[in-house]
Number of protein chains: 2
Amino acid sequence: MPTRWYNLLADLPTAPPPPLHPGTGQPVGPEDLAPLFPADLVAQEVSTERYVDIPAEVQDVYRLWRPSPLYRAHRLEKALGTPARIYYKYEGVSPAGSHKPNTAVPQAYYNARAGVRRLTTETGAGQWGTALAFACAQFGLECEVWQVRASYDAKPYRRIMIETFGGQVHPSPSDLTEAGRAMLASDPDSPGSLGLAISEAVEVAAQDPTTCYALGSVLNHVLLHQTVIGEEALLQLAKIDETVNVIVGCTGGGSNFGGLTFPFLREKLAAGGAGPVVRAVEPASCPSLTQGTYAYDFGDVAGMTPLLKMHTLGHDFIPDPIHAGGLRYHGMSPLISHLYAEGLIEARAKTQQDCFAAGVLFARTEGIVPAPEPTHALAAAVDEALACVDTGQEKVILTALCGHGHLDLPAYDAYLRGSLVDHTWEDTELQQSVAAALSRLPAIPG
Amino acid sequence: MPTRWYNLLADLPTAPPPPLHPGTGQPVGPEDLAPLFPADLVAQEVSTERYVDIPAEVQDVYRLWRPSPLYRAHRLEKALGTPARIYYKYEGVSPAGSHKPNTAVPQAYYNARAGVRRLTTETGAGQWGTALAFACAQFGLECEVWQVRASYDAKPYRRIMIETFGGQVHPSPSDLTEAGRAMLASDPDSPGSLGLAISEAVEVAAQDPTTCYALGSVLNHVLLHQTVIGEEALLQLAKIDETVNVIVGCTGGGSNFGGLTFPFLREKLAAGGAGPVVRAVEPASCPSLTQGTYAYDFGDVAGMTPLLKMHTLGHDFIPDPIHAGGLRYHGMSPLISHLYAEGLIEARAKTQQDCFAAGVLFARTEGIVPAPEPTHALAAAVDEALACVDTGQEKVILTALCGHGHLDLPAYDAYLRGSLVDHTWEDTELQQSVAAALSRLPAIPG
């Protein structure tokens with residue numbers, strides 16, 4: 001198991017544009033982040049050190065499921081009749097069933113070490129809330145999760161899992177915050193939104209010095225923690241003397257994709273650019289990299305965060321309720337956006353039909369029902385493997401199966417019954433909705 | 001990975017009483033089983049050979065998740081403050097999320113080899129149906145599952161998982177069989193029962209020579225296939241030079257318990273009885289070993305099977321709807337009943353409160369939410385570990401975590417909200433209900 005996380009910022013040819021303060025237009029400093037995050041995490045957020053040691057206490061918890069297995073998809077290859085070799089790093093073995101605990105555990109650890117008593121966060125479908133509740137239980141922290149009311153009501157399994165790990169779940173809007181009360185006053189039946197849930201979690205954290213806030217993607221320190229995935233994969237592939245030609249990973253906020261690919265990008269940069277093609281895969285209905293604009297925008301819907309330079313569809317763009325909840329984000333991690341702008345990675349968008357078709361094929365051959373998010377990467381891996389059938393190339397393809405789909409089965413039901421609604425960039429309505437949201441990009445002050 | 005299954009029948013000091021034909025009272029021969037099972041499985045059912053080679057094709061599929069991990073529960077031990085060392089063999093990594101595919105895969109293989117085109121089975125909560133659907137997909141067989149209507153309606157996730165693996169699910173009673181139609185005629189809103197679902201699956205298999213029936217527990221060949229669990233555990237413990245003092249396993253029909261413990265019992269018998277204490281753990285609300293009678297009884301509710309000598313609560317005893325669906329069986333595998341009658345194993349019954357308390361503690365410390373079934377074994381392991389706190393003994397405890405609880409979260413919800421209904425043997429109503437069912441034990445003809 002790796003003992004260090006890797007910080008790609010140390011090796012980039014050019015530095016990514018800094019986050020800006022929305023009031024002044026000046027770069028955000030550590031002091032701006034201090035009310036929400038403990039000092040260790042703020043330091044990691046702005047660090048350019050190449051490696052950060054994984055604390056022994058974090059390694060102890062990682063050992064419950066790490067190193068996660070790297071499997072070769074023999075039976076999938078056979079079903080496709082491809083000469084390609086497909087490997088997948090399986091993160092579904094974690095306590096939350098996804099890659100999220102890789103960062104939840106160190107975030108809880110650093111907060112506990114700083115004397116924080118309680119963490120707050122938001123959750124949509126519930127993956128991130130589950131991971132944080134588990135992590136808090138390991139270090140004696142309380143965990144309060146604001147879950148979007150629509151998910152809270154419709155998908156109780158995740159709420160129960162958070163509670164089983166000892167977390168407390170509030171439907172958002174709640175009457176516990178000003179933001180929540182204001183929404184309830186104007187609409188008592190509000191289904192809530194991720195933006196509002198963030199506002200509630202941040203409000204509670206900002207008011208109490210012993211409470212901090214935790215975020216599950218987008219930020220540099222989150223991607224840093226996730227590099228344990230790629231570091232392990234490098235070691236596992238070296239052990240079987242295998243060199244990867246293509247890496248495909250799904251991207252929502254970017255934490256799974258960054259975690260898998262950054263260590264491989266380090267090797268590629270060190271080799272002067274020789275190395276695998278690295279490809280991000282996103283939903284056609286929420287195509288921030290392939291159809292968005294690279295601009296400064298807010299990270300949240302309500303416009304409370306610093307301005308982040310990123311590929312965005314506009315902070316008030318509301319994606320269709322496709323089933324891959326983890327990929328329904330209007331923007332992209334600034335670090336990954338920078339890589340894309342610099343031409344260091346590629347990007348593709350996939351339809352839901354293609355993704356679930358790949359997911360079902362994977363389940364029937366490899367025996368794991370994937371979460372809807374990684375079916376995007378699987379669909380791209382299948383594309384690549386089928387191209388090898390034509391060319392005869394024995395390409396080595398790597399992807400991360402970032403979670404299982406045990407709590408996402410209704411989405412498979414919709415696909416199998418033919419009632420899945422799909423949206424592609426060819427939909428005029430989608431294009432108009434993105435154009436409208438982009439017309440409302442914030443101005444940079446100063 | 002082991003390459004042979006182990007047959008405990010080869011090493012028993014005395015042979016278990018044979019199954020009897022319900023019409024003649026004579027022992028059942030292979031020819032009686034031929035209409036339902038292919039010749040290879042019938043041969044395994046009656047074999048007294050010590051080892052059976054695992055076919056290469058079955059090993060290929062096993063490799064998707066086997067060898068399953070053997071973990072030491074460091075964080076649980078620490079939470080209990082025990083000097084004991086607790087190990088658990090985790091079967092939740094399988095495609096179905098439980099130990100069931102260990103036998104579903106060879107059953108599908110032998111059927112496919114015999115030219116069978118389709119397998120039928122019943123499923124209650126859905127674990128066994130999921131395992132068989134996955135196994136059939138590996139060998140090109142069709143799979144039809146009759147799922148108890150009440151579960152089909154209330155717990156759609158398992159049904160969807162079966163369909164994702166390519167299986168077809170019918171709510172039982174269905175209009176596809178005489179048994180189903182008769183029930184629907186008398187009660188169009190019947191919620192169904194496991195007994196009726198068995199009748200429907202058996203009826204379809206018996207009518208079509210290219211269709212066979214598959215059973216997920218109780219029978220000798222099922223327990224034989226499951227011994228891969230115990231064989232792996234022996235190898236894994238030898239690698240770390242650890243000797244087990246106590247083995248605890250949950251028991252419903254007996255396949256998980258037998259699979260884990262039979263290889264250890266072989267070693268114990270070979271050592272003249274020196275070796276670990278072996279303890280079966282069952283629900284207090286369905287206590288076939290601890291409170292049942294050792295007698296010839298039917299394996300199913302409708303009385304269609306051969307008569308089996310087993311610990312039984314009476315074939316028409318209906319257990320309370322406790323959440324551990326896999327442990328709601330009126331009888332016990334004849335092989336395990338024989339071991340208990342001979343004093344080779346112990347048995348305990350646990351309440352649901354104790355089981356879920358252990359399950360929640362396990363989730364918060366070890367990061368895996370257990371299925372309700374293995375929480376019974378965990379509760380017994382916790383008892384044993386806490387006894388070591390008092391005595392200071394450094395006992396080595398082994399159990400099998402035979403499945404995850406991702407699709408059983410509503411049961412945790414009930415426990416956490418205090419609405420879980422518990423039943424113990426002290427309940428007069430339970431005692432009366434068992435006494436009444438036992439008064440209807442079948443007479444042995446001849």
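This is a predicted model: local features need pLDDT of at least 70, side-chain atom pairs count only at pLDDT 80 or more; totals for chains, interfaces and linings use all residues.
The buried residues in helix H17 of chain B are B:Leu409, B:Ala411, B:Tyr412, B:Asp413, B:Ala414 and B:Tyr415. What do they pack against? Part of the answer is in the other chain: they pack against H8 of chain A. The rest is in chain B, namely helix H15 (352-366) and helix H16 (372-391). Just after helix H17 of chain B comes B:Gly418, with a positive phi of about 75°.

Next, helix H8 of chain A, which has a neighbour in its own chain. Helix H6 of chain A, residues 127-138, packs with helix H8 of chain A, residues 156-164, and their axes are 8 Å apart. The angle between the two is about 10°. Angles under 35 degrees count as roughly parallel, and therefore H6 of chain A is roughly parallel to H8 of chain A. On the H6 side, the contact is made by A:Gln127, A:Gly129, A:Thr130 and A:Ala133. On the H8 side, A:Arg158, A:Met161 and A:Ile162 take part. By class, this contact has three nonpolar residues, three polar and one charged.

Now to empty space inside the model. Rolling a probe the size of a water molecule over the atoms shows where empty space is left. How many cavities of 30 Å³ or more are there? The count comes to four. I will take two of them.

The largest cavity has a volume of about 60 Å³. Its lining is made up of B:Ala125, B:Gly126, B:Gln127, B:Lys155, B:Tyr157, B:Arg158, B:Leu407 and B:Asp408. Sorted by class, that lining has three nonpolar, two polar and three charged residues.

The second largest cavity also has a volume of about 60 Å³. Which helix gives the largest share of its lining? That is helix H11 of chain B, residues 220-239, with four residues. The lining of the second largest cavity includes B:Asn220, B:His221, B:Leu223 and B:Leu224. Also on the list are B:Tyr6, B:Asn7, B:Leu8, B:Leu9, B:Gln44, B:Phe262 and B:Leu335. This lining divides into seven nonpolar residues, four polar and no charged.

On to the backbone. Most residues other than glycine have a negative phi, and most peptide bonds are trans. Here are some exceptions.

In chain A, a cis peptide bond joins A:Arg66 and A:Pro67, with omega at about -5°. A:Pro67 sits in the loop between helix H3 (56-62) and strand S3 (70-72) of chain A. In chain B, the peptide bond from B:Arg66 to B:Pro67 is cis, with omega near -5°. B:Pro67 belongs to the loop between helix H3 (56-62) and strand S3 (70-72) of chain B.

For phi, start with A:Asp241, which is not a glycine but has a positive phi of about 60°. Its place is the loop between helix H12 (228-239) and strand S9 (246-250) of chain A. Is A:Asp241 buried or exposed? A:Asp241 is exposed, because its relative accessible area is 69% and the cut-off is over 50%.

B:Val218 is not a glycine either, and has a positive phi of about 70°. B:Val218 lies in the loop between strand S8 (211-213) and H11 of chain B. With 8% relative accessibility, B:Val218 counts as buried, because the limit is under 20%.

A:Asn111 is part of helix H5, residues 101-113, of chain A. A:Asn111 has 0% relative accessibility, so it counts as buried. What touches A:Asn111, leaving aside its neighbours within four places in sequence? The contacts are A:Pro38, A:Leu41, A:Val116, A:Leu119, A:Leu141 and A:Cys212.

The other residue is A:Asp354, in helix H16 of chain A, residues 352-366. At a relative accessible area of 40%, A:Asp354 falls between the limits of 20% and 50%, so A:Asp354 is partly exposed. A:Asp354 and A:Arg149 are 205 residues apart along the chain, and their C-alpha atoms are separated by 30 Å.

That is the end of my part.

Terms used: Residues are numbered from 1 along each chain as its sequence is written. Chains are lettered from A and ligands numbered from 1 in the order in which they are written. Side-chain values use heavy atoms; hydrogens and water are left out. Buried means under 20% relative accessible area, exposed over 50%, partly exposed in between (1.4 Å probe, protein chains only). On a 1 Å grid over the protein atoms alone, a cavity is a set of points where a 1.4 Å probe fits but cannot get out, and a pocket is an open set with protein on both sides within 12 Å along at least five of seven lines; lining residues have an atom within 4 Å of a point. Grid points are joined across faces, edges and corners, and a volume is the space filled by probe spheres set on the points. Ala, Val, Leu, Ile, Met, Phe, Trp, Tyr, Cys and Pro count as nonpolar, Asp, Glu, Lys and Arg as charged, and the others, Gly among them, as polar. Axes are lines fitted to C-alpha atoms, for helices over the stretch in contact, and angles run from 0 to 180 degrees between N-to-C directions. Angles under 35 degrees count as roughly parallel, over 145 as roughly antiparallel, 65 to 115 as roughly perpendicular and the rest as oblique. Contact means heavy atoms within 4.5 Å.
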